[in-house]
Amino acid sequence: MLEHLPKLLAAGFYIFKIEGLYETAAYRFEIGKVYRDALDLAASGKEFKVGGGWADTLRRHSREGLCNGYYF
């Protein structure tokens with residue numbers, strides 16, 4: 001969902017939950033950092049594009065692959 005953050009913010013969404021209850025501390029830290037950095041950039045008004053190794057971090061922690069089908 002990283003690529004959709006600017007549109008979600010523009011639509012008025014400001015609270016996001018990342019499920020991590022049964023995940024490792026490394027998962028919670030690394031995924032939380034990716035989304036914190038991405039949200040900061042999306043909210044800054046600067047050009048937004050997924051980068052900085054964010055997608056690699058998400059893939060590394062994904063057991064079942066990535067999709068955004070549940071959102072749309």
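How many residues apart are R36 and D40 in helix α2? I looked this up and noted four residues, which is about one helical turn.

**Entry on the model**

I am working with a predicted model. I checked the confidence first. The chain has a mean pLDDT of 87, and 94% of its residues reach 70 or more. I noted that confidence is lowest in α3, at a mean of 89, and highest in α2, at 94.

**Entry on helix α2**

I found α2 at residues 25-44, a run of 20 residues. From first C-alpha to last, α2 reaches 28 Å, close to the 28 Å expected at 1.5 Å a residue. Next I looked for its buried residues and wrote down Y27, I31, V34, Y35, A38, L39 and A42. Seen down the axis of α2, these buried residues fall within an arc of 125°, so they line one face of the helix. I then turned to the face pointing away from the buried side, where A25, F29 and A43 are exposed. I also looked up what covers the buried residues of α2, and the cover includes α1 (5-10) and α3 (54-61). Just after α2 I came to G45, which takes a positive phi of about 85°.

**Entry on helix α3**

Which residues are buried in α3? I listed W54, T57, L58 and H61. Down the axis of α3, the buried residues fall within an arc of 95°, so they line one face of this helix. They pack against α2. On the face of α3 turned away from the buried side I found the exposed residues R59 and R60.

**Entry on the core**

I looked at the largest nonpolar core, which has 14 residues. The members that touch the most other members are L2, L5, V34, Y35, A38, W54 and L58. I noted that α1, α2 and α3 each supply at least two residues of this core. Which helix gives the most to this core? I found that α2 does, with seven residues.

Leaving aside its neighbours within four places in sequence, L58 is in contact with L2, I31, V34, Y35 and L66.

**Entry on salt bridges**

Side chains of opposite charge can pair when their charged atoms come close. I looked for such pairs, and the count comes to five salt bridges.

I started with R36 and D40, the pair from my opening question; their side chains meet in a salt bridge at 2.9 Å, N to O. R36 is partly exposed, with a relative accessible area of 47%. D40 is also partly exposed, at 41%.

Next I took D37 and K33, which form a salt bridge with their closest N and O atoms 2.9 Å apart. Both lie in α2, four residues apart, about one turn of the helix. D37 has a relative accessible area of 28% and is partly exposed. K33 is at 43% and counts as partly exposed.

Last, I moved to α3. How many residues apart are R59 and D56? They are three residues apart in α3, about one turn of the helix. Is R59 buried or exposed? R59 counts as exposed, at 52% relative accessibility; the cut-off for exposed is over 50%.

Note on methods
Residues are numbered from 1 along each chain as its sequence is written. This is a predicted model: local features need pLDDT of at least 70, side-chain atom pairs count only at pLDDT 80 or more; totals for chains, interfaces and linings use all residues. Side-chain values use heavy atoms; hydrogens and water are left out. The expected span of a helix is 1.5 Å times one less than its number of residues. Buried means under 20% relative accessible area, exposed over 50%, partly exposed in between (1.4 Å probe, protein chains only). The arc is that of the directions from the helix axis to the C-beta atoms. Contact means heavy atoms within 4.5 Å. A nonpolar core is a set of buried Ala, Val, Leu, Ile, Met, Phe, Trp, Tyr and Cys residues joined through side-chain atoms within 4.5 Å. pLDDT is the predictor's confidence in each residue, from 0 to 100. A salt bridge is a side-chain nitrogen of Lys or Arg within 4 Å of a carboxyl oxygen of Asp or Glu.
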